[in-house]
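Please consider the sequence and the structure shown here before reading on.

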Amino acid sequence: MNRKFTEIDETIRELNASTDAHFKWLVKILRFIANHDIDLPEITCDDAHQRCEFGHWINTRLQEEREGKNFVLDISKKHIRVHQACRNIITAINDKCQTDAVFNVFEQSLLSFTEALTTYKVHLLQLRTSYDALTGLPLRRILDESFTSMNNELGAEGLYLLLLDVDHFKKVNDTYGHLNGDIVLRSLAMNMSNNIRRSESMYRYGGEEFIVVMHAKDDREAVTIAERLRHDIAELDMVAGEHIIRITFTAGLTRIHPDEALREVLERADQALYIGKKSGRNCTQLINQRLETKKFSG
Ligand SMILES: Nc1nc2c(ncn2[C@@H]2O[C@H](COP(=O)(O)OP(=O)(O)OP(=O)(O)O)[C@@H](O)[C@H]2O)c(=O)[nH]1
């Protein structure tokens, strides 16, 4: 399973554990208030929010978070307010001048803190559903969302889209069973995603179709990369139960031009893929904007 998928699960688990720790912190405060002969700096000092377990979690998250940094910053802000409101209650109790107002502020700070936590969890769960459960690859939705910025950020190097479809995959399912078919798709995804550069991305487009967005300066280089990926898969012994399965795929390859919409690029790649399938499969079919195609196989 892809690292991203397990990373999201781990973040949710850690977030839940840290939230539980904050409930424990509240119980600690009640004890502190009841006994109020003990001094607990982690509750009363100005940087108490940094000392509690939740504060440690926030610091780590702020360093590691990418897409959801704003959510964590919001949680951090509200977490600080909870500690401030709590300190005010303790001071008011010590000074015997507690009013409804200090408790109301504390209640409000807790409510907006939990609301910020929920918002971040919803973000994480949405992110999780953008990844394919079988292969761990990002789904097409992520490509849709990131395509324009990916294309705009393009430097001197060109960007290419490879749309690939496993050949005769129905036969793989019929011969070895659907579960072994799943293993084949997972092996393909794992092998190919490990064989592309870190700056490049692979997506599950649907069923037995995948997309790779890759960097290459020209058609020649793009074809070399695509053919290397195709050969690697064709030569891979995929272990599925007691079976060793080999597969091939056919791919449509096309350059992504500046300002092009994803739909246009996909239509072109799909046309090349269709031609590749018709012409015998197990090949890379390059297509340009004039819809001229060239086949690479062997
Ligand atoms: N095991 C498994 N099979 C899947 C999955 N998604 C799609 N399939 C199967 O993929 C097969 C695709 O079959 P077809 O579209 O007929 O194409 P094909 O047999 O690969 O033939 P060509 O594409 O023409 O080479 C169908 O049998 C689907 O059930 C999946 O997640 N797991």
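The paragraphs below treat the domains, the strands, the nonpolar cores and the ligand in turn.

This is a predicted model, in which local features need pLDDT of at least 70 and side-chain atom pairs count only at pLDDT 80 or more, while totals for chains, interfaces and linings use all residues. Residues are numbered from 1 along each chain as its sequence is written.

The protein is divided into domain 1 (3-128) and domain 2 (140-296), with bounds that come from an automatic or database domain assignment. The centres of the two domains, taken over C-alpha atoms, are separated by 46 Å.

Helices (H or I, at least four residues) and strands (E, at least two) are DSSP runs, numbered from the N terminus. Strand 1 (residues 158-166) is largely enclosed by the rest of the structure, because 8 of its 9 residues are buried. A residue is buried if 20 or more other C-beta atoms, placed from the backbone, lie within 10 Å of its own. Two strands pair if DSSP finds at least two bridges between them. Strand 1 runs antiparallel to strand 3 (residues 209-216), to which 8 bridges join it, and Leu162 stands opposite Val212 there. Strand 1 is also joined by 8 bridges to strand 6 (residues 249-256), again in the antiparallel sense; here Leu162 stands opposite Leu253, and Leu161 opposite Thr254.

Strand 6 is itself mostly covered, with 7 of its 8 residues buried. Strand 6 pairs with strand 7 (residues 284-287) in the parallel sense over 4 bridges, where Gly252 stands opposite Gln285.

In soluble globular proteins, nonpolar side chains tend to be buried together. A nonpolar core is here a set of buried Ala, Val, Leu, Ile, Met, Phe, Trp, Tyr and Cys residues joined through C-beta atoms within 7 Å. The largest such core has 43 residues, of which Leu161, Leu162, Leu163, Ile211, Leu253 and Ala269 touch the most other members. Strand 1 gives the largest share of this core, 7 residues. A second, separate core of 13 residues includes Ala48, Phe54, Trp57 and Cys86.

Finally, there is the ligand. Among the 17 residues around the ligand, those that come nearest are Asp167, Phe169, Lys170, Gly181 and Gly207; a residue is near a molecule if its C-beta atom, placed from the backbone, lies within 6 Å of it. Strand 1, helix 8 (169-176) and helix 9 (178-195) each supply at least two residues of this shell.

Terms used. Buried ≥ 20, exposed ≤ 12 C-beta atoms within 10 Å, placed from the backbone.
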